Amino acid sequence: MTFATQESTSPYNGEAYNVVSFDKLDYCASLNNTRVLEHEPNFSFYRGDITNPSEVMDCLERYNIDTIFHFAAQSHVDLSFGNPFGFTHTNVYGTHVLLESARKAGIKRFIHVSTDEVYGEVKDDEDDLLETSILAPTNPYAASKAAAEMLVNSYEKSFKLPVIIVRSNNVYGPHQYPEKIIPKFTCLLARGEPVVLHGDGSPTRRYLFAGDAADAFDTILHRGQLGEIYNVGSYDEISNLSLCHKLLAEMEIIPSRSPSSSPPCNYTTSPPSSSPMGAEQEEIHRWVKYTHDRPFNDHRLGAEDNF
């Protein structure tokens, strides 16, 4: 059960909605994420795989589903380099199964949750990208999500399926499986272990809190226009190295800094330890390590949030 799904189902535990969570319970999932909802009369759980057409149709028919929020995906970019076929199977074929099942079941609204990674890399001096921008994915995960979007668009055009596409940036929050940078690094630091950055740590990303993402999905459900694409994100852009500094400060390993101040430089040699800054740099060298970058790492992603 994805943590994003948990955040998004929580607002709908009133009498106006019947919510069914359809989940494979893959390695990154846990029923604990929706344990708080299990006694709600309008919440149900169905264990199934989106790549299994019979399971998908059984769920849609058994619960008389009229709206689909399609969160399901293989989403860890690093793993997509080692197992690209798995990402294509789940993200592309799985989406196709959902679309065809939705068409047969007469679904009234299909909300496809995509990613800003479908736009590809945005240069530092370039403007943020609009929903009408060309898709130019640079890794197997992003390519699989872009391909899934093409299927969604084709079903909207060919079969008049009522669809909406949402492209969000990196979502973080409670219950997130510790493979993404924020929960993973937090867990490592809490165990007294150093964190490891790809390359030099300079690539930047934007982060969106899960509760804010859920609010956006709720708004799109009620006010979104069919056939539209919505960028949903934040402007909290930060480099991976600066994010490490923030986590170290939150864990009280290094002093906390004001939001306007710059993080200490990334010295390639040990700085003098006679000053507070030098002592801080020694702590950073102790807790932040580096490894070879992945085959391709977008230096920056930037989607214009007009939502």
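Biologist: Which residues of H6 meet which residues of H8?

Modeller: This is a predicted model. From H6, Ile181, Ile182, Phe185, Thr186 and Leu189 take part. From H8, the partners are Asn240, Leu243, Cys244, Leu247 and Leu248. Contact here requires heavy atoms within 4.5 Å. By class, that contact has eight nonpolar residues, two polar and no charged.

Biologist: Why are H6 and H8 called oblique to each other?

Modeller: Helix H6 (residues 181-190) and helix H8 (residues 240-250) pack at about 45°. Roughly parallel needs an angle under 35 degrees, and roughly perpendicular runs from 65 to 115. The pair therefore counts as oblique. Their axes lie 11 Å apart, and the crossing is right-handed.

Biologist: How do you know that the span of H7 agrees with its number of residues?

Modeller: H7 covers residues 210-223, which is 14 residues.

Biologist: Which residues of H7 are buried?

Modeller: Ala210, Gly211, Ala213, Ala214, Ala216, Phe217, Ile220 and Leu221. Buried means under 20% relative accessible area.

Biologist: What makes Asn64 count as exposed?

Modeller: Exposed means over 50%. Asn64 has 65% relative accessibility, so it counts as exposed. Asn64 sits in the loop between helix H2 (53-62) and strand E3 (67-70). Its phi is positive, near 55°, and it is a residue other than glycine.

Biologist: What is the phi of Leu25?

Modeller: Leu25 has a positive phi of about 60°, although it is not a glycine. Leu25 belongs to the loop between strand E1 (19-23) and strand E2 (43-47).

Conventions:
Residues numbered from 1 in each chain as written. Predicted model: local features only at pLDDT ≥ 70, side-chain atom pairs only at ≥ 80, totals over all residues. Heavy atoms only, no water. Helix = DSSP H or I, 4+ residues; strand = E, 2+ residues; numbered from the N terminus. Expected span 1.5 Å × (residues − 1). Buried < 20%, exposed > 50% of the residue type's maximum accessible area, 1.4 Å probe, protein only. Axes fitted to C-alpha atoms, helices over the stretch in contact; angles between N-to-C directions. Parallel < 35°, antiparallel > 145°, perpendicular 65-115°, else oblique. Left-handed = near helix turned anticlockwise from the far one by under 90°. Nonpolar A, V, L, I, M, F, W, Y, C, P; charged D, E, K, R; others polar.
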